[in-house]
Amino acid sequence: YVKDRGRIVGAAMVSLNPGSFGIYNLCVSPSERRKGLGTEILRGLMNLSLASGRYIVLQCEESLRTWYCQRGFEPDGTVDIYNLPKRPCIAIMDSN
């Protein structure tokens, strides 16, 4: 995570497997978006992946596809998503 004045403004989860370095839920607080923070977090994670010798993978929403492609990623397949009906929506990052 990344903090600014004691407040978490960006974060990501990673999953380390023998051959891969997975990036999940890269989030930036709405008030901090479009300032390069997400790119900075992604770049740091890409460096960690290279240092670990693992192949980097991620899943993203379709709306973020262009953003990731602009940073060197290419689509390599699709994932089936399953959920429970009427599940509560939980904000991972909020604007407060």
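Which residue in S3 is the bridge partner of Ser15? The partner is Gly22, and this pair belongs to a predicted model, in which local features need pLDDT of at least 70, side-chain atom pairs count only at pLDDT 80 or more, and totals for chains, interfaces and linings use all residues. Residues are numbered from 1 along each chain as its sequence is written, and side-chain values use heavy atoms, with hydrogens and water left out.

**Overall layout**

- The chain contains two helices and four strands, where helices (H or I, at least four residues) and strands (E, at least two) are DSSP runs numbered from the N terminus.
- Along the sequence these elements follow the pattern β-β-β-α-β-α.
- Of the 96 residues of the chain, 23% count as buried, a term that means under 20% relative accessible area, with exposed over 50% and partly exposed in between (1.4 Å probe, protein chains only).

**The sheet**

- Four strands form an open sheet in the order S1-S2-S3-S4, with mixed pairing, and two strands are said to pair if DSSP finds at least two bridges between them.
- Because S1 and S4 stand at the edges, each with a single partner strand, one side of each is left without a neighbour in the sheet.
- From one strand to the next, the twist averages 20°.
- S2 and S3 run antiparallel and are joined by six bridges.

**Helix H1**

- The 16 residues of H1 should span 22 Å at 1.5 Å a residue, and this agrees with its end C-alpha atoms, which are 23 Å apart; the expected span is 1.5 Å times one less than the number of residues.
- H1 lies across S1, S2, S3 and S4 and runs at about 165° to S3, with axes being lines fitted to C-alpha atoms, for helices over the stretch in contact, and angles running from 0 to 180 degrees between N-to-C directions.
- The buried residues of H1, among them Leu37, Leu42 and Ser49, pack against S1, S2, S3, S4 and helix H2 (65-69).
- Just after H1, Gly53 takes a positive phi of about 75°.

**The nonpolar core**

- In soluble globular proteins, nonpolar side chains tend to be buried together.
- The largest nonpolar core has 12 residues, including Val9, Phe21, Leu45, Ile56 and Phe73; such a core is a set of buried Ala, Val, Leu, Ile, Met, Phe, Trp, Tyr and Cys residues joined through side-chain atoms within 4.5 Å.
- Strand S3 (20-28) and helix H1 (37-52) are the elements that give two or more residues to this core.
- Tyr68, which also belongs to this core, touches Leu26, Leu42, Leu58, Cys60 and Phe73, not counting residues up to four places away in sequence, where contact means heavy atoms within 4.5 Å.
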